[in-house]
Every structure is written in structure tokens, then in C-alpha cells.
Amino acid sequence: MTKAYEIWIGAYGAKNEVGITRAELLTETAELIKTAEYGNIENPSFLRVNRQGSRLYAVSETEEHADADGDKAEGGQLASFPVDADTRKLGPGQYHPTHGAHPCHLSLSPSEDWLAVANYSGESVMLYPVREDERPGPPSIRFRHTGSGPNTDRQQGPHPHSVTFSPDGQYLLVADLGMDKLMTYARDTEGSEWVAHDAISLEPGAGPRHLAFHPGGRAVYAVNELDSTVTRFSYEAGRLTREETLSALPPSFAGESWCAEIAVSPNGRFVYVSNRGHDSIGVLAVDEKSGRLSAAGHVSTRGQFPRHFALSPDGQWLIAANQHSDSAVLFRIEPHSGLPIYAGAELSVSKPACVLIR
């Protein structure tokens, strides 16, 4: 029997366009098969699915939205859709305001009792309690950032770009591109409140975008969008210590490029990063003893502007979302080198911005 993975893809588009696509990856034949398309949500640029696969969460990355009365309200929205266990079809969505413009990233806590959303233009992070029926409740906690960076075009103010829960669920790490900082928030002993815990700076103008934990939980990797680098941090109990920083680009590249997504192989041996401009997946090797990173190669994503990519849970497959060439491209991971090898399968998806494999 052919093993299949479920694929969800979020994209940029108007409310009357396809925003969410469901597909399947058949591993025996390396096929990508599109199974459903959904509209009625504007710019669902980032998605999450819970462990049971019974609910899909999405941000609607907009500056304003229509409220329940049809009037314009500031900021974007958090959407939540039930997923039918048999048909895998999405049910009617539930929506909450994010109280900030252009929500661009969301995370579900390991215990699945909190959802966090980063408002890129809203200078804030919102936390939503998740009910027993898996629906988010109204937002109950809001953190506002203040600060700026040296890049006058992109760092004129705070820009929270991602929210990442620690593996134990006790801390929330926020990469703020506008401030060149990683902010850490801690959960209280009762689990009902979150408070500011720590902050650490990166190089001025780095522009941290997304974060990824090493499977062992003792290291965190930040992909820095503006200077196309990856920074390794050692991690313990919500505290980060900055270690080395490496370029995500090959030394010979002299054009413009901006990093986007970062992920770690399930076995912890490799770190992957996408480069928009160089249009590649950069691969970094993790030293087994020291944890230090070293460049291991670059592979074309066979498209333009890879905004996002995802690794399969077994670490054998990678799907890259090429935003500017309207494609999701399948790669097989070569286990020894860690390099993605084109698997000969692609999906046509308009302006893909996020891909999930489950």
C-alpha cells in the first residue's frame, strides 16, 4: 500500500481566488496530487494543522478586514477551519481579529492550548487560548514591541515576523525583523498568563525572520532575512546565547537575495534555509560533537522566490513553495549529504506562501 502524506498550501490572493490548497504526496511513486482548493479567505499566507489533523488554522494577512457588521476594522484575522476526518474537506471558518496589520505567522503550542500570531505591521504578538473543541477563543494576551534597526527601508519600526514555542511549551520565542532582536516570553506556573522573560540582539541590520529548534532542544537557529545569514544559539530554559553566524548564500553569489524559511532535519544533522533571489535551498551541516554549523551546499528550487518549504516528518522529502513562479516543487533528500534532489513532481499553485506536510 502506497504511503501518502497530506499537504496543505497557503497562498496570497484575493477573497474570490484560491487561497488554500490540499494535496497528497504518494511516496512510492513520488507524485504530488491536488485534491481540493478553497477560497473565501484573503491572503492565507501561513497555516498550521493540529496533531490530529482535525483543525486547520490560518492567518489572513491584511491591513484591514470586514467585521461582523460588514464595517471595516483595522488589522488582519486568525481563521480556524474544522477538517472532516473522512473526506478531509474544510468546514466553515471561524474568525478572530488579530488587532494588528498583516499577521504573517502563527504557531500552536505543543500542548495545543495556545495559539500565537505575529502581526508584522502591527508591531505586536497576540496569544489566543484554544478551547476543548479546538477553536481559538478571543485573544487574551497582547505584547507590543518598540524599537528599530539601521535598515531605513525595512527596519523603521518593530516587525514581529514569527512566533515559535519551545519544545516544552513553557516559552514563546519571537523573531522581530525590525528590531534585530529575539524576544522570549514565559508561561506562568498556572499556564494562564505569559510574561516577558528575555531578549537578545543580532547583528545590526540582520533582520531575523524565522526560528527552528534542534530536535535535542539545546540549540535554536535564526534565519536572518536582510543579510542572508543563519545564526546558531545555544538554548536553556528560555535563555539564548549567541554562537556563530554563517552566510546562507554561496561565496560566488553577488546578486540580491533575502532568506525566508528555516527547518532542521528530524535527525538533527542538517539545517535548511530558503534564499529568495538566489532561488535555492541552502544546506548547513551540524557537527555532531560541537553543534557548529558549516556550509554543505545549495540546490535550485526550480522556481522563483521560494518563500517557504517544508520537510516531511521522516526527513526524506522536501517541498518548496516558489511564490513568484506559482509552483510547489518536490525534492527527495539524499540521506548522506542532506541535499534535496529534484523528484520530478510539481504542483501549479498561485502565489504559494506556506506549505505543510503531515
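**Notebook: first look around**

I call a residue buried when its relative accessible area is under 20%, exposed when it is over 50%, and partly exposed in between, using a 1.4 Å probe and protein chains only. By that rule phenylalanine 213 is buried, because its relative accessible area is 14%.

A note on the source: this is a predicted model, where local features need pLDDT of at least 70, side-chain atom pairs count only at pLDDT 80 or more, and totals for chains, interfaces and linings use all residues. Residues are numbered from 1 along each chain as its sequence is written, and side-chain values use heavy atoms, with hydrogens and water left out.

**The whole protein**

I started with the secondary structure, taking helices (H or I, at least four residues) and strands (E, at least two) as DSSP runs numbered from the N terminus. I found zero helices and 30 strands. Next I looked up the radius of gyration, taken over C-alpha atoms, and the globule rule, which is 2.2 Å times the number of residues to the power 0.38. The radius is 19 Å, close to the 21 Å that the rule gives for 358 residues, so the protein is as compact as a globular protein of that length. Along the principal axes, its C-alpha atoms fill a box of roughly 55 × 50 × 40 Å.

I then checked burial and found that 58% of the 358 residues count as buried. For contacts I used heavy atoms within 4.5 Å. Among contacts between residues at least 6 apart in sequence, 48% join residues at least 24 apart.

**Aromatic rings**

Here I paired rings of Phe, Tyr and Trp (its six-membered ring) if their centres lie within 6.5 Å; planes under 30 degrees apart count as stacked, over 60 as edge-to-face and the rest as tilted. My count came to eight aromatic pairs. I picked out phenylalanine 213 and tyrosine 235: their ring centres are 5.0 Å apart and their planes are at 90°, so I noted the pair as edge-to-face. This pair links distant parts of the chain, with phenylalanine 213 in strand S18 (residues 208-213) and tyrosine 235 in strand S20 (residues 229-236), 22 residues apart. Tyrosine 235 is buried too, as its relative accessible area is 8%. I also jotted down one aromatic cluster, formed by Trp114, Phe165 and Trp194.

Most residues other than glycine have a negative phi. I located histidine 102 in the loop between strand S9 (94-97) and strand S10 (103-108), and its 24% relative accessibility makes it partly exposed. Aspartate 180 also has a positive phi, near 55°, and belongs to the loop between strand S15 (171-176) and strand S16 (181-187). Is aspartate 180 buried or exposed? I found it buried, at a relative accessible area of 3%.

**Two more stops**

I visited arginine 276 in strand S23 (residues 270-276) and noted that it is buried, at 3% relative accessibility. Beyond its neighbours within four places in sequence, arginine 276 has contacts including Glu225, Glu256, Trp258 and Phe305.

My last stop was alanine 4 in strand S1 (residues 4-11), partly exposed at 42% relative accessibility. Not counting residues up to four places away in sequence, alanine 4 touches Leu25 and Leu26. From alanine 4 to glycine 191 I noted 36 Å in space, C-alpha to C-alpha, and 187 residues in sequence.
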